[in-house]
Each structure stands twice: as structure tokens, then as C-alpha cells.
Amino acid sequence: MLKKQDGILILVLLVIAAVFFCGYRLWNRESPEEVVVYVGEQEYARFSVKEDRELLIETENGTNRLILKDGEADVTEASCPDKICVHQSPISETGETIVCMPNRVIITIEKASQRMNVNKS
Ligand SMILES: [Zn+2]
């Protein structure tokens with residue numbers, strides 16, 4: 001049998017858990033996102049998704065033109081033969097990627113906070 005006090009304690013814990021959960025969700029949503037360009041294993045460029053800009057990614061294998069506008073990143077031109085990267089849909093959500101295999105270019109969206117965690121460790 002639960003005593004009345006135990007009931008209150010459980011209630012308080014539930015409320016605390018709910019507050020943390022909502023806070024985390026809010027934080028997660030508002031955490032800034034960044035477009036990150038990798039060439040091979042190397043980070044080539046990184047900037048906020050909120051910027052509107054155009055980037056010519058030049059690698060030893062070829063070039064990709066990346067357009068970032070209204071929070072969406074898209075490859076509009078590439079020197080690769082298959083043009084798969086050009087045909088891929090624009091990305092705007094964390095974890096989405098555009099990959100250009102021939103040029104070894106990976107464009108992805110990451111939370112800025114992910115980088116901070118990496119730096120700490
Ligand atoms: Zn490509």
C-alpha cells in the first residue's frame with residue numbers, strides 16, 4: 001500500500017520529469033542548426049542554416065555548388081558524372097544529407113550543440 005506521502009512524492013517526481021522533458025524538447029528545437037560540408041574525412045565548411053549563401057565546394061575530384069537559402073541546403077551544380085547530388089532534394093532537417101560519391105562530398109545538417117559536445121570530450 002502506498003502512503004499518502006509516497007503518492008505526493010511520485011506526483012512531484014512526475015512533474016519534475018515532465019518539466020525536464022518539455023524543457024529538453026524546447027531546447028532541442030531551438031538549438032541552432034548548422035550546415036556542414038565534409039570532403040572525405042575532413043570538415044570543409046560549416047555555417048548556420050539561417051544564412052543565405054552560396055558555396056563552391058572545390059575538391060581534388062571536382063566541384064559542387066551548394067546554395068543555402070531559407071533554411072534549405074541544395075546542390076545545384078556539380079562536376080560529377082552521375083549528378084545524383086544535384087538531383088537529391090534540398091535538406092533542412094537535422095540528420096539529412098546530400099552525398100556526392102564521385103567527389104567524396106557529404107553535406108549534412110547538424111545541431112550546433114553536437115559540436116560543443118564533441119569539443120568537450
Ligand atoms: Zn555529385
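**Entry 1: Tyr 44**

I started at Tyr 44, which counts as partly exposed because it has 17 C-beta neighbours inside 10 Å. For this I used C-beta atoms placed from the backbone: 20 or more others within 10 Å make a residue buried, 12 or fewer make it exposed, and anything in between is partly exposed. I note that this is a predicted model, in which local features need pLDDT of at least 70 and side-chain atom pairs count only at pLDDT 80 or more, while totals for chains, interfaces and linings use all residues. Residues are numbered from 1 along each chain as its sequence is written.

I placed Tyr 44 in strand 2. Strands here are DSSP runs of E with at least two residues, helices are runs of H or I with at least four, and both are numbered from the N terminus. I then listed what Tyr 44 touches, leaving out residues up to four places away in sequence, and found Val 37, Tyr 38, Val 39 and Ile 57. Contact means that the C-beta atoms, placed from the backbone, lie within 7 Å. I also looked up Val 105, which is 61 residues from Tyr 44 along the chain; their C-alpha atoms are separated by 9.1 Å.

**Entry 2: the whole chain**

I counted 3 helices and 7 strands in the protein chain. Their pattern along the sequence is α-β-β-β-β-β-α-β-β-α. Of the 121 residues, 17% count as buried. Among contacts between residues at least 6 apart in sequence, 32% join residues at least 24 apart.

Which order do the strands of the open sheet of 4 take? I read it as 2-1-7-6, with antiparallel pairing. Strand 2 and strand 6 are at the edges with a single partner strand each, so one side of each has no neighbour in the sheet. From one strand to the next the twist averages 20 degrees. The angles are taken between N-to-C directions, from 0 to 180 degrees, with axes as lines fitted to C-alpha atoms (for helices, over the stretch in contact). Pairing requires at least two bridges found by DSSP between the two strands.

I went through the pairs in turn. Strand 1 (residues 33-39) is joined to strand 2 (residues 42-48) by 6 bridges, and Val 39 has Gln 42 as its bridge partner in strand 2. These two strands form a hairpin with 2 residues between them, and Gly 40 in the turn has a positive phi of about 65 degrees. Strand 1 also pairs with strand 7 (residues 105-111), in the antiparallel sense, over 7 bridges. On that side, Val 36 has Thr 108 as its bridge partner. Strand 6 is joined to strand 7 by 4 bridges, and there Thr 97 has Thr 108 as its bridge partner.

I found an open sheet of 3 strands in the order 3-4-5, with antiparallel pairing. Strand 3 (53-58) and strand 5 (72-78) are its edge strands, each pairing on one side only. The twist from one strand to the next averages 25 degrees. Strand 3 and strand 4 form a hairpin with 4 residues between them, where Gly 62 in the turn has a positive phi of about 155 degrees.

**Entry 3: the nonpolar core**

Which residues have the most contacts inside the largest nonpolar core? I noted Val 35, Val 37, Leu 66, Ala 73, Val 75 and Ile 107, in a core of 17 residues. Strand 1, strand 4, strand 5, strand 6 (97-100) and strand 7 each give two or more residues to this core. A nonpolar core is a set of buried Ala, Val, Leu, Ile, Met, Phe, Trp, Tyr and Cys residues joined through C-beta atoms within 7 Å.

Leaving out residues up to four places away in sequence, Ala 73 touches Val 35, Leu 66, Leu 68, Pro 90, Ile 91, Ile 107 and Ile 109.

I looked up Lys 83, which is not a glycine and has a positive phi near 60 degrees. Lys 83 sits in the loop between strand 5 and helix 2 (84-87). Arg 104, also not a glycine, has a positive phi of about 60 degrees and lies in the loop between strand 6 and strand 7.

Technical notes:
Two residues are in contact if their C-beta atoms, placed from the backbone, lie within 7 Å.
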